[in-house]
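Please read the following explanation alongside the sequence and the 3D view.

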Amino acid sequence: MSGIFVVIEERQGRIGRISWEAVAAGGLLARQTGAKVNAIVIGAQTEHFAAEAAKRISGKVVRIEHPLLAPYTADGFSIALEQFIRTESPEFLVFPHTYQVRDYVPALAARFGRVLIGDVVSIEDGPAYTRQLMQGRLTASYRASGTGTVFVSVQSGAFRADTTESFAAEVSVFNSAIESSQIRTKPGEAFRDSAQTVDLGSAQAIVAVGRGIREQENLGMIQELAAALGAEIAASRPICDNGWLPIERQVGSSGQTVAPKLYLAVGISGAIQHLVGMKGSQCIVAVNKDPEAPIFEVADYGIVGDLFEVVPALTEALKAAHQ
Amino acid sequence: MKIIVAIKQVPERDAPVRVALSRQWIEEADLQFAMNESDAYALEEALQLKEKVGGEVVVISAGPERVATTIREALAKGADRAIHVECDDMAKRDALGVARLLAEAVRPENPDLVLTGLQSDDLGYGQTGVIMAELLSLPHASLILHVERTDSGITVKRELEEGWFQSIELPTPAVLMIQSGGTKLRYATLMGIKRAKTKELRKVTSADLGIENAPVVTLENISLPQKQRSTQILQGTARDTAATLVEKLKFEVRVL
């Protein structure tokens, strides 16, 4: 049982930032165990990604390659990694907590009688793993027990990936044996429901609205506030689920990621799925009636109060300030 | 089509949560509980499928006695019968432990489809369905917004990140983890609530299923989250706080 392996994920032809964050998390484990951080790239054509990874990996890079590993399927990835684990018996497998990882790693871990410690936000001595409960209202510390590989996935943005160290890791190929009959699902091409016409990413100021607004009819006051601020309107998932605003205005893991100068969150409790999409904003202001709402943990300014009183008052104060 | 829907009862959204003295769970005494949101969508998807292609919808839920109210709600909305896996130590079981309970209870039913919500709003592991699929040796797909039956199985609409989607074809039986928001939720009708009282609700225990609690991942201690930024809470009436905020935005944040 040895070694820390970070499973790198490809994003639009590149290694995504969250994968480098997983490498950083692997580095924290490495410091506790004295081992080096290795990386796994997995797919049908991994040479390019392996070369990119090798520059930032202190240990070695393993290419798990097979024509049936593209496009992604839970069956294909599970079989390939299962074979790798049986051969190498890694002590830790670290993943970015992406939709893809959530789709297959729990099953892969179960094959070994193990459980993924998912969506981890920090790693302490032990190692102990911190993850969030109750939509971010509480945090909990977890430990793995028993023998066997420890499976960990890390939350987007939780670990700092901006290392400047450069390496030249050795790259090797792990040959996996997969039969097409073992792949039970048939994935189609990715598509969007409608053309994206709103680019929240370039907005200087955003007013985002959540469940606290209660009714679609109440959106008018948010529109007035946004107009007074010269801001784009965005929303948390439930608002778009209800069809009150188009999905292209959704901020969060299933929507857009934004980092404006000002993010004003109105009636948004701050579930982690939303926070990952906006916590990089320069200034975050939260208006919420619940002083315990997790949105206040990332806010620079908070107003605890009834949004139906605060929002009109704010719109009025902004209009007065412009005169 | 025989569809099993696994649902979980969780503390009501926005309910004030306090850490229990043991620091291993929350104080449950004054809490209100409700059906986990994505599970409600899984149930809705199952009911709509049944209305289209016929068959039976069976709900299954693991948890203590209080879970029965959520099960009755599912029956009132239109599920045909229910299985309650009695379990008083849900927070002490890891995702594999809970999935084992549910998978063993589901196995003798031989369903065509097993649906679960994507993730629970309390512990938030988001793994139950995927592990159940593994334990039952069934294909699966997660983050599913819509399910359609085809000649050879099903086609599902899967959510990808950043506003992208994908269609996936699966043979049945299969396990699907349903994402919130794919459809509109129904309310229970008075007639439904009345009928629910006479529907079958079978109880099984983990002992009946032959499953011991042997976690490989343990929740050691719960605490309040650490603040990521220092938040200035603005005090006063709505008018006061609005005026203060405008000052801050103008002179400190400089966005006005």
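In the largest nonpolar core, which has 133 residues, V5(B), I60(B), L102(B) and L176(B) touch the most other members. A nonpolar core here is a set of buried Ala, Val, Leu, Ile, Met, Phe, Trp, Tyr and Cys residues joined through C-beta atoms within 7 Å; buried means that 20 or more other C-beta atoms lie within 10 Å of a residue's own, with C-beta atoms placed from the backbone. The element that gives the most to this core is α3(B), with nine residues. Helices (H or I, at least four residues) and strands (E, at least two) are DSSP runs, numbered from the N terminus.

Leaving aside residues up to four places away in sequence, L102(B) touches A6(B), I60(B), A62(B), V85(B), T128(B) and M132(B).

The model is predicted: local features need pLDDT of at least 70, side-chain atom pairs count only at pLDDT 80 or more, and totals for chains, interfaces and linings use all residues. Residues are numbered from 1 along each chain as its sequence is written, while chains are lettered from A and ligands numbered from 1 in the order in which they are written.

Now to the meeting of the chains. Chain B puts 69 residues into the contact and chain A puts in 76, where two residues are in contact if their C-beta atoms, placed from the backbone, lie within 7 Å. On the side of chain B that touches chain A, the largest share, 10 residues, comes from α7(B). Strand β17 of chain A (residues 301-304) pairs with β13(B) in the parallel sense over two bridges; pairing requires at least two DSSP bridges between two strands. G302(A) stands opposite I233(B) in β13(B).

How values were computed. A residue is buried if 20 or more other C-beta atoms lie within 10 Å of its own, exposed if 12 or fewer, and partly exposed in between; C-beta atoms are placed from the backbone.
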